[in-house]
Amino acid sequence: MKVGVISDTHDNIINIKKVLKKLEGIDILIHCGDFCAPFVIDILKDFKVKKIYAVLGNVDGDKFRIRDKKPENMIIFPELGEFEIEGKKVALVHFPEFALALALTNKYDAVFYGHTHEAKKERYNKTLLLNPGEILGMKGKVTYALYYPEINDAEILELD
């Protein structure tokens, strides 16, 4: 199973579409927050994937419309998402402090987060702690990740 992980899209339509093109063929998409405007949801509606898990971020202004526009295959969590992917227990949040606290509980196989706009992969005991970076490109690099639940690992990729 292939799982794409993105974060901090911040309305950058061009980069969102480029990254989604690279992620074609994945089974699940995870968004770690900061869509910004509801029209980003329209772009995700057209992306062919079995499931989308997302969490709201601190700059998601119109949270009601973001939730209202979501496709049927998408779950948007307000602050903390918990779900399983192929038997792996996953937590999804936006903020790094919250993510680290969750990783340290050793309750999850993987914890995904965003907010910092910096890609980072760490391990705390059995838990993979991953920030895929940003789609916005504010800090220069546009990054995203592929998560492999069968080995509970991920690789961070840079958009060329």
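A search of the whole structure finds three aromatic pairs. This is a predicted model, in which local features need pLDDT of at least 70, side-chain atom pairs count only at pLDDT 80 or more, and totals for chains, interfaces and linings use all residues. Residues are numbered from 1 along each chain as its sequence is written, and side-chain values use heavy atoms, with hydrogens and water left out.

A pair of aromatic rings is described by the distance of the centres and the angle of the planes. Here, rings of Phe, Tyr and Trp (its six-membered ring) pair if their centres lie within 6.5 Å. Planes under 30 degrees apart count as stacked, over 60 as edge-to-face and the rest as tilted.

Take F77 and F83. Their ring centres are 6.1 Å apart and their planes are at 5 degrees, so the pair is stacked. Both F77 and F83 are buried. Buried means under 20% relative accessible area, exposed means over 50%, and partly exposed lies in between (1.4 Å probe, protein chains only).

Now turn to F112 and Y147. The centres of these rings are 5.2 Å apart and the planes are at 75 degrees, so this pair is edge-to-face. The pair links distant parts of the chain, 35 residues apart: F112 is in strand β7 (residues 110-112) and Y147 is in strand β10 (residues 143-148). Helices (H or I, at least four residues) and strands (E, at least two) are DSSP runs, numbered from the N terminus. F112 and Y147 are both buried.

Next comes the sheet. Six strands form an open sheet with mixed pairing, in the order β4-β3-β2-β1-β10-β11. The edges are β4 (74-77) and β11 (153-158), each with a single partner strand, so one side of each is left without a neighbour in the sheet. From one strand to the next, the twist averages 20 degrees. Axes for such angles are lines fitted to C-alpha atoms, for helices over the stretch in contact, and angles run from 0 to 180 degrees between N-to-C directions.

Two strands pair if DSSP finds at least two bridges between them. Strand β2 (residues 28-31) and strand β3 (residues 51-55) run parallel and are joined by four bridges.

What lies in the loop between β4 and β5 (81-85)? L80 is found there. L80 is partly exposed, at a relative accessible area of 31%. With F95 and F98, L80 forms a nonpolar patch on the surface, and together they have about 230 Å² of accessible area. Accessible areas come from the Shrake-Rupley method with a 1.4 Å probe; for residues, only the protein chains shown count as cover. Like charges are joined within 9 Å, nonpolar side chains (Val, Leu, Ile, Met, Phe, Trp, Tyr) within 5 Å.

G81 is in strand β5. At 0% relative accessibility, G81 is buried. From G81 to H94 is 13 residues in sequence and 9.9 Å in space, C-alpha to C-alpha.

Finally, look at the backbone. Most residues other than glycine have a negative phi. D11 has a positive phi, near 65 degrees. D11 sits in the loop between β1 (3-6) and α1 (13-22), and is partly exposed at 27% relative accessibility. N106 also has a positive phi near 65 degrees. The loop between α4 (96-104) and β7 holds N106, which is partly exposed at 32%.

Note on methods. Patches are made of residues with over 30% relative accessible area and no salt bridge: like charges are joined within 9 Å, nonpolar side chains (Val, Leu, Ile, Met, Phe, Trp, Tyr) within 5 Å. A salt bridge is a side-chain nitrogen of Lys or Arg within 4 Å of a carboxyl oxygen of Asp or Glu.
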